[in-house]
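Please open the model in a viewer and keep the selection tool at hand. The stops below follow one another from element to element.

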Amino acid sequence: MDVRVTPTPRLQGELQALSSKNYTTRYLLVAALAEGTSTIYYPAHSEDSDAMRRCIRDLGAVIEEDEEKITITGFGRNPKDVKELDVGNAGAVLRFLMAIAALAPDVTFINRYPDSLGKRPHDDLIVALGQIGVDVEHNSGKLPITIRGGQAKGGKIQVSGNVSSQFLSALLFLTPLLEEDSEIEVLHDLKSKVVVGQTLEVLAQAGIVIEATEDLMHYKVKGGQKYEAKKYVVQGDYPGSAAILAAAAVTESDVILHRLEENSKQGERAIVDVLRMMEVPLTHKDGIVHVKGNGKLKAVEFDGDKATDAVLAMVAAAVFAEGTSRFYDVENLRYKECDRITDYLNELRKAGANVEERQAEIIVHGRPEGVEGGVEINAHYDHRVIMALTVVGLRAKQPLRIRDAHHVAKSYPIFFDHLKALGANVEWIE
């Protein structure tokens, strides 16, 4: 399904922020790894979190759901012997479960999205798992991947953090369950440190003890630990909300978003600071962000590695800013559902934006007068690209048609419903 975004001068209304996808997937996993029954309140509903639900159920977790909570009776360190797991297009779910599959005899992760997740590399995790005795069959580091587990032993592990922090997070979920103690050393650089902070926060809530150095490059993990069954409350989602806030920033607006905690460990909360730097009128108090946009924005410079999943929305806002904006240290955007630098900027250019790319930078020469629009653009099956291009469409002079926009459901199934509720002129088209 495609979506047509027609220029919309004004947005107004109140929304409850969606629940955090990152926290939901982590809480689902630690609940499955516990012996006993955990309860998760306000879990996110998206393709990614649904993929984690499906896979942990296949691995033996017992799940019951109602409108506001999900209860999970875990399988502990004894997942069921399953031959295949389908993670859909969810990279984090795949990587976390590749590690957990080391506790089972033989699991193959199938390749259902050859043009997206099927293209993403997982070599760094495969190499790390090999160091603890896990045999992995793979297609040059890509799906389909078979984990021949049951032999994993703790010890010294080195893992590269250059491409993704998800490989490290995967090891942090697994190693406490191994009999032996483990030491994990991160090689090179570590991308998305704030997301590793979320993993450590969730592990601590689940009763797991991990010693980490301040720079998050070295870890000591005691073996033989047990995940505790707990109650968890999922906070509002900054990555998805970033696009809503950017939309409010580029239009005349009076938009209120609830459930966005000021002290959240989500790096993407930086979207609020970046919009402030762009001189967007807003307040953030008691978990409520209130934007009174006037469509006028100033250019910014920002280290995108601090808020990876909000960068595309920030860039969309910068398209209409006065001056030249620069988002640096963003190379890991290239290894997502698509190449979120080259692919995204190509589509922005089609819409009329003036953007440049470097290997690890996005440069935006703002056009406060707006962009032309009036074209069909390809979102490359990427939910973040879809949301960011929609922001641009709201301020274009002519409508934008975004192809395959239904892939927004990966993280934010009701994104377009929420925008319509604020008055945006968006419609599904065949």
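In which order do the four strands of the open sheet lie? The order is β18-β19-β21-β20, with mixed pairing; helices (H or I, at least four residues) and strands (E, at least two) are DSSP runs numbered from the N terminus. The model is predicted, so to speak of local features pLDDT of at least 70 is needed, side-chain atom pairs count only at pLDDT 80 or more, and totals for chains, interfaces and linings use all residues. Residues are numbered from 1 along each chain as its sequence is written, and side-chain values use heavy atoms, with hydrogens and water left out.

Select the edge strands next: β18 (301-303) and β20 (354-358) each pair on one side only. Two strands pair if DSSP finds at least two bridges between them. Neighbouring strands of the sheet are turned by 15° against each other on average, direction ignored. Then display β18 with β19 (residues 324-328), which pair in the parallel sense over three bridges; E301 has R326 in β19 as its bridge partner.

Angles run from 0 to 180 degrees between N-to-C directions, and axes are lines fitted to C-alpha atoms, for helices over the stretch in contact.

Move to helices α9 (residues 311-318) and α11 (residues 383-395), whose axes come within 9 Å and cross at roughly 15°. That makes α9 roughly parallel to α11 (angles under 35 degrees count as such). Select L312, A313 and A316 in α9, which meet R384, V385, A388, V391 and V392 in α11; contact means heavy atoms within 4.5 Å. The residues of this contact divide into seven nonpolar, no polar and one charged. Here Ala, Val, Leu, Ile, Met, Phe, Trp, Tyr, Cys and Pro count as nonpolar, Asp, Glu, Lys and Arg as charged, and the others, Gly among them, as polar.

Just after α8, E279 takes a positive phi of about 70°.

Finish at β5 (residues 69-73). Strand β3 (residues 37-41) runs antiparallel to β5 and is joined to it by five bridges, and Y41 has K69 as its bridge partner. Strand β4 (residues 62-65) pairs with β5 in the antiparallel sense over four bridges, with I63 opposite I72. A hairpin of three residues joins β4 to β5.

Notes
Angles under 35 degrees count as roughly parallel, over 145 as roughly antiparallel, 65 to 115 as roughly perpendicular and the rest as oblique.
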